[in-house]
Amino acid sequence: QVQLVESGGGLVQAGGSLRLSCAASGSLFSINDMAWYRQAPGKQRELVAVISSSGGTNYADSVKGRFTIFRDDAKNTVYLQMNSLKPEDTAVYYCNADVRVQMYVSYSYWGQGTQVTVSS
């Protein structure tokens, strides 16, 4: 079984910064794409940023230039550095990873979510 454990959320003033972390543990062979999603109250979950196993990245237009996703494969961990935070970034942030558990078998796993609140 694979688990994703997130950390780093909290309360910050507008213009501030936070760094989220998500560590994968358990019986895994390797990790393909890793991503961060968020869900604000009353809204659908949306993709924030994704990073491939080769390091390629994509971002939602709303966070381009402010957020950076990166990974440390030695630690099976993905990070989201969030700068210049805005009140509209307030949401529960979820980590997602496409994990190869055997040579030709992969599954998608989710973290439990971490709350990010940006005050104005």
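In this protein, residues 24 or more positions apart account for 54% of the contacts with a separation of 6 or more, where contact means heavy atoms within 4.5 Å. What you see is a predicted model, so local features need pLDDT of at least 70 and side-chain atom pairs count only at pLDDT 80 or more, while totals for chains, interfaces and linings use all residues. Residues are numbered from 1 along each chain as its sequence is written, and side-chain values use heavy atoms, with hydrogens and water left out.

Now the elements. The protein has 11 strands and 0 helices. Both are DSSP runs numbered from the N terminus: H or I of at least four residues for helices, E of at least two for strands.

Next, overall dimensions. The C-alpha trace spans about 50 × 25 × 25 Å along its principal axes. The radius of gyration, taken over C-alpha atoms, is compared with a globule rule of 2.2 Å times the number of residues to the power 0.38. For 120 residues a compact globule would be near 14 Å, and the protein has 14 Å, which agrees.

On to the inside. Of the 120 residues, 40% count as buried; buried means under 20% relative accessible area, exposed over 50%, and partly exposed in between, with a 1.4 Å probe and protein chains only. In soluble globular proteins, nonpolar side chains tend to be buried together. A nonpolar core here is a set of buried Ala, Val, Leu, Ile, Met, Phe, Trp, Tyr and Cys residues joined through side-chain atoms within 4.5 Å.

Which residues touch the most other members of the largest nonpolar core? Out of its 29 residues, they are Trp 36, Val 48, Phe 67, Val 78, Leu 80, Met 82 and Tyr 93. Strands that each supply at least two residues of this core include β1 (2–7), β4 (30–39), β8 (77–82) and β9 (91–102). Strand β9 gives the most, with 5 residues.

Last, Val 2. Val 2 lies in strand β1. Is Val 2 buried or exposed? Val 2 is buried, with a relative accessible area of 6%. Not counting residues up to four places away in sequence, Val 2 touches Ser 25, Ser 27, Leu 28, Val 99, Val 101 and Tyr 109. Val 2 and Leu 28 are 26 residues apart in sequence, and their C-alpha atoms are 6.8 Å apart in space.
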